[in-house]
Amino acid sequence: MKATTVKSTIIVIVFLLFHNSIDAQVINWENISKQNMHLLHVDVGAEYGIIAGVGYHHLIPIKRFPLWIGGEFSVPSGSQLADDDFKVRLGAQIRIVALNHFQFSARLQGIARRYHNQSVRLFNFGSDLAGTVGYYRKNWFLGAESGFDKAIVTNFKHSEWYKKNIYDNVQDGWYEPATGGNFYYGLQGGFSMKKVDLTLKVGKVLQQDFKSQPLLPFYGQFGVNFRF
Amino acid sequence: MKRSFRIYLAILILSLISFSCSKERYIDGPGNLVPKTVDQDVTLPSISVNGARLHSEVFGPEDSTLIICIHGGPGGDYRYMLNCKTLATKGYRVVFYDQRGAGLSQRFPKSWYKSQGSDAINKIFYDELRSVIAHYKTSTSQKVILLGQSWGAMLATGYSGKYPTDVDGLIVAEPGGLKWDDVVDYVSESRSFKLWGETLNDATYIDQFMTGKEDQHEILDYKAGLIGSTNEIVGDVGADLGNNAPSYVASRSGAVVNAASYELGQDTKPDFSTGINQFSKKVLFIYSSNNKAYPDSWATKISSAYTNKEIFKAQGVGHSGMLDQVNFWTTTMEPKIISYIQSL
């Protein structure tokens with residue numbers, strides 16, 4: 001990996017870790033208050049596999065542009081949980097427009113994710129940019145979202161098994177420009193109670209050529225938010 | 001607060017842009033993640049037949065009985081069959097070739113396969129096999145034995161049904177199915193991975209790290225290879241070639257030919273048993289004890305298409321194990337095959 005890439009990666013990590021950007025949490029924008037500025041959430045669903053996640057967000061009550069900052073950690077199912085796949089998202093969601101009960105929000109996330117199997121260990125830095133428009137009431141909400149998940153730079157480290165059985169001259173290291181990208185679009189909604197939101201989102205995933213599909217061409221997530 | 005947010009956003013955008021300032025290494029660069037094909041590396045052994053450059057090797061006396069090894073897939077390669085080359089030391093002429101778009105053979109766009117229309121299987125695979133045989137055959141009297149495994153066994157069966165007088169012996173190792181519905185059933189059964197399992201997760205989770213367009217062969221082949229090397233359901237544990245392994249390690253899946261073939265199959269519903277009842281010579285039908293998707297009942301059903309046959313159950317190995325496990329090959333499979341050929 002070249003020095004500029006290392007530097008860029010460090011900048012992004014430092015930015016994400018210490019300055020609280022970004023996440024993919026489903027939020028009822030009509031039901032936020034300064035009394036409940038913390039949001040803990042758990043979710044299960046399908047997103048490039050069967051996954052389970054947990055996250056935390058903190059409300060920055062900018063007057064007309066409330067901002068949630070925080071992070072989320074998720075792992076896919078499988079027999080190996082230790083030393084295997086995971087995804088960390090750090091970022092922010094901000095409400096940009098509020099017109100009566102219709103609201104538009106944007107989300108920007110930095111992603112760090114890992115993939116491991118018998119052949120290779122991949123580590124990727126990526127980004128996720130999405131927008132959501134929806135109708136929000138105190139007790140329920142329904143919206144549509146669309147976004148783009150980009151795998152910006154990926155490190156490949158192949159196993160001895162791969163080199164012995166598949167390809168002995170495989171090139172390990174950092175690969176760029178971007179190694180992948182997927183568009184997604186779908187619906188999200190939920191019910192809100194005093195301190196708890198029950199949320200659901202479903203949608204479709206398309207590769208960046210708008211023709212090919214990933215092996216699991218849809219996503220879905222059931223989540224519970226606890227506000228305090 | 002708003003000002004500091006803008007500053008952070010600018011830093012993030014600048015840092016993302018600066019990724020593009022460093023030296024680029026592409027995932028679709030030839031030789032980076034998957035080995036080069038014969039049209040990219042002229043040092044690889046190859047032949048030009050039927051409009052394609054194929055990765056191919058041959059061992060043994062030039063004029064002796066030809067044994068044509070036909071690999072699985074579609075989209076596999078012949079590397080796992082290389083234990084069979086010891087037959088060359090027993091006096092046979094053993095031919096290996098990677099099918100068009102598979103292994104280290106030349107790649108073609110998906111549109112090319114789809115453009116072959118309703119006669120695609122014939123044009124893509126039977127014509128190619130006929131050309132390979134013609135390339136290596138030194139006389140009209142030279143005998144030809146086909147040895148196919150999995151998809152290769154289906155192809156060998158279809159070819160023998162189409163040209164029954166051109167084939168002197170047929171060895172089929174676990175053809176998934178011969179009629180299209182059986183093929184679909186077998187593929188479903190052999191890939192019925194647990195929803196929560198590691199295998200299925202390994203196949204789906206990678207799609208957020210790498211994406212490839214329809215004809216980006218390097219990317220698609222790499223991803224196909226990552227998920228296709230072992231399969232507990234069919235009992236495959238990875239090839240053990242012993243001293244039969246070549247000096248270089250270069251195995252590569254053919255993702256595009258695999259996807260195109262399956263789509264063509266869905267469109268045309270081919271029947272690989274067509275004409276096989278005209279093939280009167282004895283067929284050696286092999287299946288394995290460790291393939292959970294190939295129980296005795298399935299072997300009985302699929303082998304019923306062959307009128308004259310010897311059925312052999314390979315004990316203690318899986319779908320590819322009868323050929324890719326050197327110990328089993330040496331002690332059991334090679335003697336069985338030689339005995340079969342001598343009985344013809």
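Where in chain B is the place of B:Asp127?

## Starting at B:Asp127

B:Asp127 has its place in helix α3 of chain B; helices here are DSSP runs of H or I with at least four residues, strands are runs of E with at least two, and both are numbered from the N terminus. This is a predicted model, in which local features need pLDDT of at least 70, side-chain atom pairs count only at pLDDT 80 or more, and totals for chains, interfaces and linings use all residues. Residues are numbered from 1 along each chain as its sequence is written, while chains are lettered from A and ligands numbered from 1 in the order in which they are written.

B:Asp127 is partly exposed, with 17 other C-beta atoms within 10 Å. On this scale a residue is buried if 20 or more other C-beta atoms lie within 10 Å of its own, exposed if 12 or fewer, and partly exposed in between, with C-beta atoms placed from the backbone. Leaving aside neighbours within four places in sequence, B:Asp127 is in contact with B:Asn50 and B:Asn122; contact requires C-beta atoms, placed from the backbone, to lie within 7 Å. B:Ser304 is 177 residues away from B:Asp127 along the chain, and their C-alpha atoms are separated by 26 Å.

## Helix α3 of chain B

With 17 residues, α3(B) reaches 24 Å from its first C-alpha to its last, close to the 24 Å expected at 1.5 Å a residue (the expected span is 1.5 Å times one less than the number of residues). At B:Tyr126 the helix bends by about 25 degrees, the bend being the angle between axes fitted to the seven residues ending there and the seven starting there. The buried residues of α3(B) include B:Ile121, B:Phe125, B:Leu129 and B:Val132. An α-helix has 3.6 residues a turn, so residues three or four places apart point the same way.

## The sheet of chain B

Eight strands of chain B form an open sheet of mixed pairing, in the order β1-β2-β4-β3-β5-β6-β7-β8; two strands pair if DSSP finds at least two bridges between them. Strands β1 (46–49) and β8 (309–314) of chain B are at the edges with a single partner strand each, so one side of each is left without a neighbour in the sheet. From one strand to the next, the twist averages 25 degrees. Six bridges link β7 (residues 283–288) of chain B with β8(B) in the parallel sense, and B:Leu284 stands opposite B:Glu310 in β8(B).

Helix α3(B) lies across β1, β2, β3, β4 and β5 of chain B, running at about 120 degrees to β1(B). Axes are lines fitted to C-alpha atoms, for helices over the stretch in contact, and angles run from 0 to 180 degrees between N-to-C directions. Helix α4 (residues 151–162) of chain B lies across β3, β5 and β6, at about 145 degrees to β5(B).

The largest nonpolar core has 113 residues, of which B:Ile67, B:Ile68, B:Cys69 and B:Leu146 touch the most other members. Such a core is a set of buried Ala, Val, Leu, Ile, Met, Phe, Trp, Tyr and Cys residues joined through C-beta atoms within 7 Å. Helix α3(B) gives the most to this core, with seven residues. Not counting residues up to four places away in sequence, B:Leu146 touches several residues, including B:Ile68, B:Ala156, B:Tyr159 and B:Ile171. A second, separate core of seven residues includes A:Val26, A:Leu67, A:Ile69 and A:Ala92.

## Chain A

Chain A has two helices and eleven strands. Of its 228 residues, 44% count as buried. Among contacts in chain A with a separation of 6 or more, 57% come from residues 24 or more positions apart.

Strands β1 (residues 38–46) and β2 (residues 50–60) of chain A pair in the antiparallel sense over nine bridges, with A:His41 opposite A:Gly55 in β2(A). Their hairpin has three residues between the strands, and A:Tyr48 takes a positive phi near 55 degrees there. Strand β2(A) also runs antiparallel to β3 (residues 67–76) of chain A, joined by ten bridges, and a hairpin of six residues connects β2(A) to β3(A). The bridge partner of A:Ala52 in β3(A) is A:Val75.

Terms used:
Two residues are in contact if their C-beta atoms, placed from the backbone, lie within 7 Å.
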